[in-house]
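Take a look at the protein below. We will walk through it step by step, from the overall layout to single residues.

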Amino acid sequence: MLALSPALFFPLCTNYSRFMSFSTQSVSDNTLVIHIGETLDFRNADAFKETVHAPVDAGKHQFILDFSDTDVLDSSGLGAIFSLYRRVAAHDGTVVFANTSEPVRVVVELTRTYKVFPQYDSVESAQAELT
């Protein structure tokens, strides 16, 4: 059996673990802010789904995704976001985007996901709308 090193999949980055985690901040009983970090793509879409699974089960149904530092968003990342959307929509929940970086803004425009996910200039303005 051939064992593949993660470094093969992240050849330009020696610290590939930075792509695999997300920071979260609970801002109310039902609202969670998720700071996406540098990427949301095929490398960490499953980790994103795992990150949001427990909060949704615990009653968080309002999610603010903070894309302020995000350089890469691909179809796998969008798929993970839509997976979250489907779960929270069943509970009248919402997923919104905040601080969308230019690379993310391009993807949002090309895929027209702005029709599904409201866009806010800041986490604070998104919070104000959700409360």
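Helices and strands here are DSSP runs, at least four residues long for helices and at least two for strands, and they are numbered from the N terminus. Keep that in mind for the names that follow. The model is a predicted one.

Start with the layout. The protein has five helices and seven strands. Along the sequence, they follow the pattern α-β-β-β-α-β-β-α-β-α-β-α. Of the 131 residues, 40% count as buried. The accessible surface comes to about 7300 Å². Carbon and sulfur atoms hold 53% of that surface.

Now go inside. In soluble globular proteins, nonpolar side chains tend to be buried together. In this model, the largest nonpolar core has 25 residues. Those with the most contacts inside this core are Ile34, Phe48, Phe63, Leu65, Ile81 and Val95.

Which residues does Ile81 touch, leaving aside its neighbours within four places in sequence? The list is Leu40, Phe48, Leu65, Phe67, Leu73, Val95, Phe97 and Phe117.

Next, see how two helices pack. Two packed helices are described by the angle between their axes and the distance between the axes. The axes of α2 and α3 come within 9 Å. They cross at roughly 15°. Angles under 35 degrees count as roughly parallel, so α2 and α3 are roughly parallel to each other. The crossing is right-handed. On the α2 side, the contact is made by Ala45, Phe48, Lys49, Val52, His53, Val56 and Asp57. On the α3 side, the residues are Ser76, Gly77, Ala80, Ile81, Ser83, Leu84, Arg87 and Val88.

Stay with Asp57, which sits in helix α2. Is Asp57 buried or exposed? The relative accessible area of Asp57 is 52%. The cut-off for exposed is over 50%, so Asp57 is exposed. Along the chain, Asp57 and Arg87 are 30 residues apart. Their C-alpha atoms are separated by 9.5 Å.

Finish with the loops. Most residues other than glycine have a negative phi. Asp92 has a positive value, with phi near 55°, and is not a glycine. Where is Asp92 found? Asp92 lies in the loop between α3 (75–89) and β6 (94–98). Its relative accessibility is 70%, so Asp92 counts as exposed.

Arg112 also has a positive phi, of about 60°, and is not a glycine. Its place is in the loop between α4 (102–111) and β7 (119–120). Thr113 is found in the loop between α4 and β7 too. Is Thr113 buried or exposed? Buried means under 20% relative accessible area. Thr113 has 4% relative accessibility, so it counts as buried. Not counting residues up to four places away in sequence, Thr113 touches Leu78, Phe82 and Val108.

How values were computed: Residues numbered from 1 in each chain as written. Predicted model: local features only at pLDDT ≥ 70, side-chain atom pairs only at ≥ 80, totals over all residues. Heavy atoms only, no water. Buried < 20%, exposed > 50% of the residue type's maximum accessible area, 1.4 Å probe, protein only. Areas by Shrake-Rupley, 256 points an atom, 1.4 Å probe, with all protein chains shown as cover. Core = buried A, V, L, I, M, F, W, Y, C linked by side-chain atoms within 4.5 Å. Contact = heavy atoms within 4.5 Å. Axes fitted to C-alpha atoms, helices over the stretch in contact; angles between N-to-C directions. Parallel < 35°, antiparallel > 145°, perpendicular 65-115°, else oblique. Left-handed = near helix turned anticlockwise from the far one by under 90°.
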